Amino acid sequence: MRVAGAFVFALVAHLAAAQIADVDWWKTTTFYQVYPRSFKDTTADGIGDLKGILQKLDHFVDIGIGGVWLSPVFKSPMKDFGYDVSDFRDIDPIFGTMADFENLAKGCKERGLKLVLDFVPNHSSDEHVWFNKSIYKEEPYTDYYTWLDPKGLNESGSPIPPNNWLSVFGGSAWEYNEVREQFYLHQFVAGQPDLNYRNPAVVEEMNDILRFWMDKGADGFRLDAIPHLLEDQSFPDEPLSNDPEFTSDQWGYLSHIYTTDLPELYDVIYGFRDVVDQKQAELGRQMVMMVEAYTSLENTMKYYGSGDRKGAHFPFNFEFVTNVKNETTAAELKQIIDRWQNSLPDGAWSNWVIGNHDRTRVASRFGRDFGLAAVIMGQLLPGSAITYNGEEINMEDTWISWKDTVDPQGCQAGPEYYQKFSRDPVRTPFQWDNSTYAGFTIPDSSKPWLPVNENYKELNLAEQKEMANSPYHIYKKLTALRKERAAVQRGSLTTKTVGDNIFAFTRQVDTEGEKAVLVVVNVDDAEVTADVTSTVPSLRAGEQLTYHVGTLESPYDADEMIAPSSVKVPARGALVFLYTNSATSIAATSLLLLVSTFLALFN
Ligand code: GLC
């Protein structure tokens, strides 16, 4: 009976899956993060909008990406530039209207692009109607947020926060509310009160919001700030981190054992996945769920799921953002990449993030050359690739004065420290061309909300399209390779070092006729001539590598044949080669021989 039941269940699951179109789109594609405020302004207010993104949809098609992820476009007082949502079901007028969103979803669909939205479950805005009702203890909202009584009063009679918890953006994580006469928790700015996930009504509200946007046409979500979802309910003081880099009001001053990575939080994520999967089955459209969590590798892997519970399709892999440094050696690079791949649970899908709206741009972090090398690695390592807008043209951070600083994380750090914390430099307008404000706005527009990088006259998309060799052309070749080559889509990964400065990896599949891919990366500041023969053991003796693409200083031309015994890798550069994997053809030929012998024998 149980076997029959299991069979029926498997059959139903199979049939349901069979009805879902385009099941694997999220695995082989490149996701492109649009930071809407800075992408394209069509209303001349100096802030990007949905119509601007719609206008630029063909750019996504042109550069070969398949998934467009929008940072929040929901109604918001913009205290954290959209990550403080005052209505989770509406579009902020700065970005446009719901009709603009629907047009955008339609435009994406027409071009075969998937649309992924940012979902900000940890907090709402303090201007959300739930928060207002919570202040007044209107049911069912009384416990939608975390409220605690003051610990007492200080000498001047002011209420003392319940404990020493700090906000990620600096200062106490508690804000006193005069009406309710209690403190509320905010792990980010005071305008972002923390939602209470111990309250099942909150979970249900958020589930409904996910359903709402999938019904509106979203193909999935990026889940924001997930490690912060739950806190220890006895609210103990957090211990000091003893990290001398941080002052007593900076987040890094404490060790966040009671406010991040709580074991119960994974179940909330698995619950979101159930909601996404139910809608997926109902709508017959494959969805994706990506989790943002800066945490240990061990914790990161828990987001994939546990036992028979599914979690995210993938939690972001931030290894290139947090662990790869300018001084990382070839051996360390190999170790970082291997460690991530080896930590993946069985059947889990990998991914590579090179940058985002919170971290220094890759071209500034590593320099333009190695920044491009990182883009090459991110595109050709196994799994989904994630690009932050501007990476396709190697955009750099923009220096922003204290006067022009608007990011709350920068503002709260004060003039002395803002440059260490501000995220404004990575968020400046996209550089489309060399016209006023880099083509980000329309003529006679107000000043963009953040200054355009002064380098825009040389560094812009239009210019790079005209050049024979530019980051734009390199990027396009990479996404094309990802689309064309089985080795990039699902090939095995082998990593190697050659000497002190060369890191190399190959991707290959066991299919006759399929080319294998070799990527050779030089971490040194000088050109290296390397014998990479050992990295391609299956290359038939005497055969050569076919050069495909590489960083700007590459000495080779496309399709040039190169002997593996002597490859010139530019300083801080990367080269990509294709080759015929003889082991595959030998294995395939032997298998063919075996099958025909077998058939001949039994005929
Ligand atoms: C995430 C976002 C960041 C935001 C924070 C609070 O880390 O990427 O931009 O400030 O969450 O929502």
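**View 1. Asparagine 199 is buried, with a relative accessible area of 14%.** Buried here means under 20% relative accessible area, exposed means over 50%, and partly exposed lies in between (1.4 Å probe, protein chains only). The model is predicted, so local features need pLDDT of at least 70 and side-chain atom pairs count only at pLDDT 80 or more, while totals for chains, interfaces and linings use all residues. Residues are numbered from 1 along each chain as its sequence is written, and side-chain values use heavy atoms, with hydrogens and water left out. Asparagine 199 is found in the loop between strand S10 (182-185) and helix H7 (200-215), where helices (H or I, at least four residues) and strands (E, at least two) are DSSP runs numbered from the N terminus. Leaving aside neighbours within four places in sequence, asparagine 199 is in contact (heavy atoms within 4.5 Å) with Asp143 and Tyr144. A polar atom of the asparagine 199 side chain lies 3.1 Å from the backbone oxygen of aspartate 143.

**View 2. The ligand is surrounded by 14 residues.** The closest of these residues are Asp80, Asp224, Glu292, His357 and Asp358, a residue being counted if one of its heavy atoms lies within 4 Å of the molecule. The shell divides into 4 nonpolar, 3 polar and 7 charged residues, with Asp, Glu, Lys and Arg counted as charged, Ala, Val, Leu, Ile, Met, Phe, Trp, Tyr, Cys and Pro as nonpolar, and the others, Gly among them, as polar. An N or O atom in the side chain of arginine 222 is 3.0 Å from an oxygen atom of the ligand, and a polar side-chain atom of aspartate 224 lies 2.9 Å from a ligand oxygen. For arginine 423, an N or O atom of the side chain is 2.9 Å from an oxygen atom of the ligand. The protein covers 95% of the 310 Å² of accessible area (Shrake-Rupley method, 1.4 Å probe) that the ligand has on its own.

**View 3. The loop between helix H6 (129-135) and strand S6 (147-148) holds proline 140 and lysine 137.** The peptide bond from glutamate 139 to proline 140 is cis, with omega near 5 degrees. Lysine 137, although not a glycine, has a positive phi of about 55 degrees, and this residue is partly exposed, with a relative accessible area of 47%. Most residues other than glycine have a negative phi, and most peptide bonds are trans.

Terms used. Polar contact = N/O pair within 3.5 Å; in protein donor to acceptor, adjacent residues only side chain to side chain.
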